[in-house]
Amino acid sequence: MTFWHYLGRKLFQLALTTLIIVTLIFFLFRVMPGDPVKTIIDPQMPPEARAQLRAQFGLDKPPVVQYLIFLKNAARGNWGVSFFQQEPVFRIIMRKLPNTLLLFTSAVVLAYLIGVPIGKRIAWKRGTPTEAVVTFVGIFFYTTFLPWLALIMIWLFAYKGIPLPWGGVLQLPLRGMMTPEIWSDPAASALTKGLDVAVHLLLPLFVLVLIFFARFMLLMRSSMLDTLEEDYIVTARAKGLEDRVIMNRHAARNAMLPVVTAMALSLAFSLNGGVLTEKVFSWPGLGTELIDAVMKNDYPLAQAAFIFLAVIVLVANLIADILYIFLDPRIGFES
Amino acid sequence: MAREFTRRLGRVRRELTGVWRVFRRNKLAVVGLYILLFFLALAVASPFYAAREPMYEPLTGYDPEILGSHPPSLKHPLGTDFLGRDILGQIMKGSQLAFAVGIIAALTSVVIGTLIGLISGYFGGLVDSVLMRMTDIVLTLPSIPLLIIIGAAIGKQSIWIIVVIIGALGWPSTARVVRSQTLSLKKRPFVDAARVAGSGHSRVVLHHIAPNVLPLAFLYMTFLVTWAILTEAGLSFIGLGDSSQVSWGMMLQWCFTSGHTFRAWYWILPPGLSISLLTLAFYLIGRGLDEVVNPRLQER
Amino acid sequence: MKTNGKVRRYLFAVMCASVLGSMVVMCQCGGSQLPLLGRKVVLKVGMQEEPSTLNILNYQSVWSGYVLGRFYRTLYDEGPVDFEMVPILAESLPEYDAATTSCIVRLRRGITWDDGVPFTAADVVFTANMHLQIKIPSLYYAAWEFIDRVEALDDYTVKFVLKTPRATFFSNTLLPDNFILPRHRWRSVVEDIKFTADPVGNLMEYQPNVPVGLGPFRFVEWRRGSYIKVVSNPNFYGRGLKLKGLEFGPFMDEILYKIYRNTDTAILALKKGDIDYIWWPIQPGYLDELKGHPDIAVTTNPANGWKFLAFHCNREPFSDVNFRRACHWLIDKDFLVERVLQRHGQRADNVVPPVNKFWHNPDVPVIGKGMTKAERWREAKEILTNAGYSWVVPPEIREDGAVTPGKGLRMSNGEPVRTFSLLTPTADYDPLRAISGTYIQQWWKEFGIPVNAVPTSVNDILRRADPTGDFDVYILGWIRLPIDPEYLSTLFTSRQAVKDGNNTSCYRNPAYDALAAQADAEMDREARRRIIFRMQEIIAADVPYITLYAEDVIEAYRKDRFTGWVNEPMGIGNPWSILTIKPVQPR
């Protein structure tokens, strides 16, 4: 089997899974109790007007017909029009998707950069008080209730603020991802705007990184502990190699593999945290959009938001699968 | 009959003592156990605390002398919420609910997961591929978004329905582990022996394989409890909870929607801390039990 | 190799430090002290949601009105404070002729659209014909279905001819939401979609990039999910006009609508000075904190609306008016106001709230006000006993006022009353209604009425809240009722007790229907008022709805920024305020 065969098979699986999810979600939304026509609460609206509106949304057709129409259109990139924003769903999703990816990937990458080295080191120092404390802190953040942690962070950093050594209080912004005064000013430079987004990103990122970091660290620690018992590490030690070399070159490299797999498997789980974080910080991403759309009974938008969230997980899994091939020398393809 | 029972009881006791000896060595797990016992005590004490006076009834009781949210006092050790309801009483009631939520959801997951794992591992072939593909799909579904949609689809926000759905989504991890365990057990001589002796599939699975995978399933249950409590609280927090119940997530939601988030530390800290601590406890205990079930880990 | 690593690490550290440093600077100069704004006077408003589109016809929520309503004008409006009709684009009050069922409206002269084209009768006729032809469901039926034709007598005189007399002509056709559109901009749009398969849908989806209006403000920029910027219109015709002691501006250069999804963040922004006003009512929980702030003022106004509990009058036991009346007596509205609303609200005892002074009937009997539980129980027990109801364990009221709970209410035919559900909104939608539902459940249960409060998503309640829907009792609310109580003719009449109708209670009373028909056709305000009073009495006696309470509208604004807000029953966030507030001169 060549790499391309492998990739082809994986892509086919991805497409199939997406189709299953799409179908599942579509019918789940059809049994939803809401009727978008009913959310227009207006005592002046007579019965005939409601019926007319329902026809306008295409809701008067049987579900199976609606499903087929939906599939046909979705394949063409036409995901329908949001009931409430009256804008093509696909355009809304494409506007929100980068925000979610920005928050989520930067959190994963940062957490990885911090979590893996720490996990590596504390595994090396097992049995010491440092290891016990760091492990405990890791477990604490891992099991902590995220929205609550986020609220505490808002309280500390955005509400109370941090007193600065040179006077004044540093208060982080806590809403959305931009300052209207800056973005609506024609004179503001791209750099100012970029920094403005970065400042807004700080708090949600911090919370997500805390949670993800704990996960990476714990995974790396236990994987490293497994590896350290392997024969070749014992041999390397017997040969008198420097500790740092054994830790970094021999142990860590092999300990990484299970971490990558485990991370891929838990991506869906991490996304849960991402959705809650977005909601608490009003971060304009897919998660916030999903929750708002569900609350407003805006099916076309809600189902698309969910499907895209699921596809993010699927694609990330695929990337992890491919990474795994390059990381693990034991897997090879005939060329 | 009675003797058989005593004999079995003795064996169970010996086994438990053995488990405790290993478990005890993990300091963190013991800490977890203490936290768990603390919340258990709160849960048990809840009805007694509430029964003293009508105003301590967690959902509808209120202190007639207080209007609005008040900081801690002798009468209300953790203060009151905006209706004048006692917060400590709500925390205690919430503890009851958290145990119920966690255990029911985890039990649902473990039962489904174990069944699917056993069937998949034992029969193999097409059944196995279909079930495992299904497991993979459920595993890649982001559960909170899915629960948000399902929660909205149900409309009626009953905590028990939410709990069962949480349970119904949590089975894949258990299913995978049970399956691989079943695969290795299937090849053991005693299973072959049983089959040669003429036992049917169901008998082999239920009497020979299932008892051996149960400890592992039980271990996963402790982790699932953590997950279930966090998920239920998360749903309540964003507004998809059951407002006719006093759960910790709901307390946070009340605090949030009534405009007290940054104004009443005595109201917002306890529920969040309780959720975090109880899930921490279950997780730590799970790790401790992990060492019992997987002896190789004991050295750490 | 080693040095390399060190250099890299050093560079990395410098980079991190500089990024963090600039962020700190950004944080500190965020908000009001930004130098970029210069000398311009900007009103910064916190909004919870944003309009759905810039198409004024696609009027989905109050948020559309808050923004798009600044660009366009109507012929008339409800005047400040007392809601008496005042001319806006019209020059004088409408002249109605009963004999020909027609009405003359004379227009103001010398007004131009934003692009310089003069505003004339042709615009009004165009807008009217568009409504008559396209029939946008949400706008057409209440305001246009009874209009026969609209014609221009000359450039500044318009004649409306009605098919039949209809009171809503004044309150709906000439009043809010029927914004006049520029003919020269919209004609091609309407022509294009008129003969398509779905004209309404296509008209709704039309998205003007820059709406052309003639209102006090013009559109500049909209960044979805973040902000909308509008600037004041230098040619606004209303500048300097006076009405009831108010002088019109606008006295600001810009409005920046900033979108905050939740109240907590908006409150913080208000305290920091990032916004001048939060354009939605806030929970009483924030009051203590805001009252301590030197630059923030809090206003409280009564609401023209109420939260209610609706019975399904087609089902047992709610089909019996005695049962509904007894249920009403058992609800302690004083408690709800005192405890749940924390005194920031009023009892609702009538379907037309007292703030609606002209239409409110003050003689409608009030149930249970100031009475003890024992007194209210006695009333309820008497009603039910007289109607033949019985209990397995009857509720007892002792001489000293103590009560003992009852159990197992039975109807007059001896059958036990079935256990029914009380659908209440969830806590995140409205914590106060959720908790009220819990208390009402408890009060009824104590009396032996088998009920379960079921927290239900609002979407689900709305779907079930249909004359053909599946519910027993539900709690919802009408937040912004129109001043003219035309809703009395839709919420409770038999013709609306069909699928998709508004009479969700399925309340049927021929006498009431006759009165409603009479009120609808009565063009004389005083005569109409007498009929409306009678209708209020019938509803109060027959209890298809139990009106529960009305929360006060609590709002907060920066008093160091703008002054002169106009208090109205629905709060200070009304178009009059935006037109008349003036910046406070810096001390």
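A:D292 and C:R261 form a salt bridge, with the closest N and O atoms 4.0 Å apart. A salt bridge here is a side-chain nitrogen of Lys or Arg within 4 Å of a carboxyl oxygen of Asp or Glu. The rule finds three salt bridges across the interface of chain A and chain C. The model is a predicted one, in which local features need pLDDT of at least 70 and side-chain atom pairs count only at pLDDT 80 or more, while totals for chains, interfaces and linings use all residues. Residues are numbered from 1 along each chain as its sequence is written, chains are lettered from A and ligands numbered from 1 in the order in which they are written, and side-chain values use heavy atoms, with hydrogens and water left out.

Between chain A and chain C there are also eight residue pairs in polar contact, both residues at pLDDT 80 or more. A polar contact is a pair of N or O atoms within 3.5 Å; within protein, one must be able to donate a hydrogen and the other to accept it, and residues adjacent in sequence count only if both atoms are side-chain atoms. On the side of chain A that touches chain C, at least two residues each come from α2 (47-56), α6, β2 (169-170), α7 (180-183), α8 and α12 of chain A. These elements are DSSP runs numbered from the N terminus, helices being H or I with at least four residues and strands being E with at least two. The largest share of that side, nine residues, belongs to α2(A). Sorted by class, the side of chain A that touches chain C has 32 nonpolar, 13 polar and 14 charged residues. In this sorting Ala, Val, Leu, Ile, Met, Phe, Trp, Tyr, Cys and Pro are nonpolar, Asp, Glu, Lys and Arg are charged, and the others, Gly among them, are polar.

In total, 59 residues of chain A and 64 residues of chain C take part in the contact, where contact means heavy atoms within 4.5 Å. The size of an interface is often given as the accessible area lost when the parts come together. Chain A and chain C bury about 5,400 Å² between them, with 58% of it on carbon and sulfur atoms. Buried area is the accessible area (1.4 Å probe) that two parts lose on being put together, summed over both.

Next is the interface of chain A and chain B. About 4,400 Å² is buried there, and carbon and sulfur atoms give 78% of that area. A:F145, A:W148 and A:W155 supply 16% of the area that chain A buries against chain B, more than any other three residues. The contact takes 50 residues from chain A and 46 residues from chain B. How many salt bridges does the rule find across the interface of chain A and chain B? The count is zero, although eight residue pairs are in polar contact, both at pLDDT 80 or more. Helices of chain A that each supply at least two residues of this side include α1 (3-30), α5 (129-143), α6 (146-160) and α13 (299-327). The largest share, eight residues, comes from α11(A). The side of chain A that touches chain B divides into 38 nonpolar, eight polar and four charged residues.

Chain B and chain C are also joined by a salt bridge. B:R263 pairs with C:D264, the closest N and O atoms being 2.8 Å apart. This pair crosses from the loop between α10 (248-257) and α11 (265-293) of chain B to helix α8 (residues 263-272) of chain C. C:D264 counts as buried because its relative accessibility is 5%; buried means under 20% relative accessible area, exposed over 50%, and partly exposed in between (1.4 Å probe, protein chains only).

Over all chains, the structure holds 51 salt bridges. Within chain C, the side chains of C:E551 and C:K307 meet in one, at 3.1 Å from N to O. C:E551 lies in strand β24 (residues 545-551) and C:K307 in strand β15 (residues 306-311), 244 residues apart. C:K307 counts as buried because its relative accessibility is 9%. A network of salt bridges links C:R315, C:R418, C:D460, C:R463, C:R464, C:D470 and C:D472.

Chain B has eleven helices and zero strands. Of its 300 residues, 57% count as buried.
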